[in-house]
Amino acid sequence: MSTRTHDRRQAPVRPRRHRARPGALPAASLLQLIWLASPALPVGGFSYSEGLEGAVENARLTSESDVAEWLLDQLHITQARSDMAVVAQAMRAWRRNDMEHVRALNDWVLQTRETSELRLQTEQMGRSLAQWLHNQRQDDAGRIPAVQRLIALPPTYPVAYALAAADTLAPVRDALLAYAFGWAENMVQAALKAMPLGQSAGQRILARLAAAIPAAAEHANALMDSERQSFSPMLAILSARHETQYFRLFRS
């Protein structure tokens, strides 16, 4: 038997460093996308239903299936062809410092909002996200000029989101997935508040949306400026009615 005493004091165990797989998104960028998609992001998304409350009031949505189909249509018809396409193009414009294109995209979003409440939504959420970005970057001299240019627009939400995502190493498609999932979570929560649906129903609706998001992201990412469009007349009608609706939980 050895007569040497065993020293139980050991150096702290250092965490093993895992090399990222080739092509894998760095952890910091992935976490930033998760943060941007979070309902906890202080941009006020929880206070809007984007016409869903109006559809409930007018008896167009009465069941879980109705809500799922409504939101799937909204994903493909309004989000993929409009706001998500703006996010994709604005990310590329921010990354090449093309402010002329950024400004044109921002103007397009404002011009295609068909009711005052939908315009107020994108303006309020854009301002809030720009302020969040300013707070995040205020000590980074290299990043703050872009935020100042964003604030000066003034920004819409898709263009502000594009700047936040452009600062990561994420491909445009991954940023679109995060954007769409954040939208989907907010819309499902709006449905649960506006209708007698339970959490399980909400999760089933969210699962259907999540399955459809990749195709919507691919479509939005491939659109050219000339192909982008905003045409959803029934949504505009419901939004206009919602502005004078007697009882409202949401601002849109």
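**Close-up views of helix packing and a buried residue**

View A. At 1% relative accessibility, I205 counts as buried, because the cut-off for a buried residue is under 20% relative accessible area. I205 belongs to helix α9, which spans residues 199-222. The structure shown in this and the other views is a predicted model. Apart from its neighbours within four places in sequence, I205 makes contact with E64, V67, A68, L71, V188 and L197. Between the C-alpha atoms of I205 and D66 the separation is 10.0 Å, although the two residues lie 139 residues apart along the chain.

View B. Helix α1 is formed by residues 27-37, and its buried residues are S29, L33, L36 and A37. These residues cover an arc of only 100° around the axis, and therefore lie on the same side of α1. An α-helix has 3.6 residues a turn, so residues three or four places apart point the same way. Among the elements that cover the buried residues of α1 are α5 (116-137), α7 (157-166) and α8 (172-194). On the face of α1 turned away from the buried side are the exposed residues A27, A28 and L31.

**View C. Packing of helix α3 against helix α4.** Helix α3 (residues 64-95) and helix α4 (residues 99-111) have axes that come within 8 Å and cross at roughly 165°. Angles over 145 degrees count as roughly antiparallel, and α3 and α4 are therefore roughly antiparallel to each other. The crossing in which α3 passes α4 is left-handed. From α3, the residues S82, V86, Q89, A90, A93 and W94 meet M99, H101, V102, L105, W108 and V109 of α4. Sorted by class, this contact of α3 with α4 comprises nine nonpolar and three polar residues, with no charged residues.

**View D. Packing of helix α5 against helix α6.** The axes of α5 and helix α6 (residues 144-151) are 10 Å apart, and the two helices pack at an angle of about 160°. It follows that α5 and α6 are roughly antiparallel to each other. As in the title of this view, the pair is α5 with α6, and α5 passes α6 in a left-handed crossing. A130, L133, H134 and R137 are the α5 residues that meet I144, V147, L150 and I151 in α6. The contact of α5 with α6 divides into six nonpolar residues, one polar and one charged.

Key. Residues numbered from 1 in each chain as written. Predicted model: local features only at pLDDT ≥ 70, side-chain atom pairs only at ≥ 80, totals over all residues. Heavy atoms only, no water. Axes fitted to C-alpha atoms, helices over the stretch in contact; angles between N-to-C directions. Helix = DSSP H or I, 4+ residues; strand = E, 2+ residues; numbered from the N terminus. Parallel < 35°, antiparallel > 145°, perpendicular 65-115°, else oblique. Left-handed = near helix turned anticlockwise from the far one by under 90°. Contact = heavy atoms within 4.5 Å. Nonpolar A, V, L, I, M, F, W, Y, C, P; charged D, E, K, R; others polar. Buried < 20%, exposed > 50% of the residue type's maximum accessible area, 1.4 Å probe, protein only. Arc of directions from axis to C-beta.
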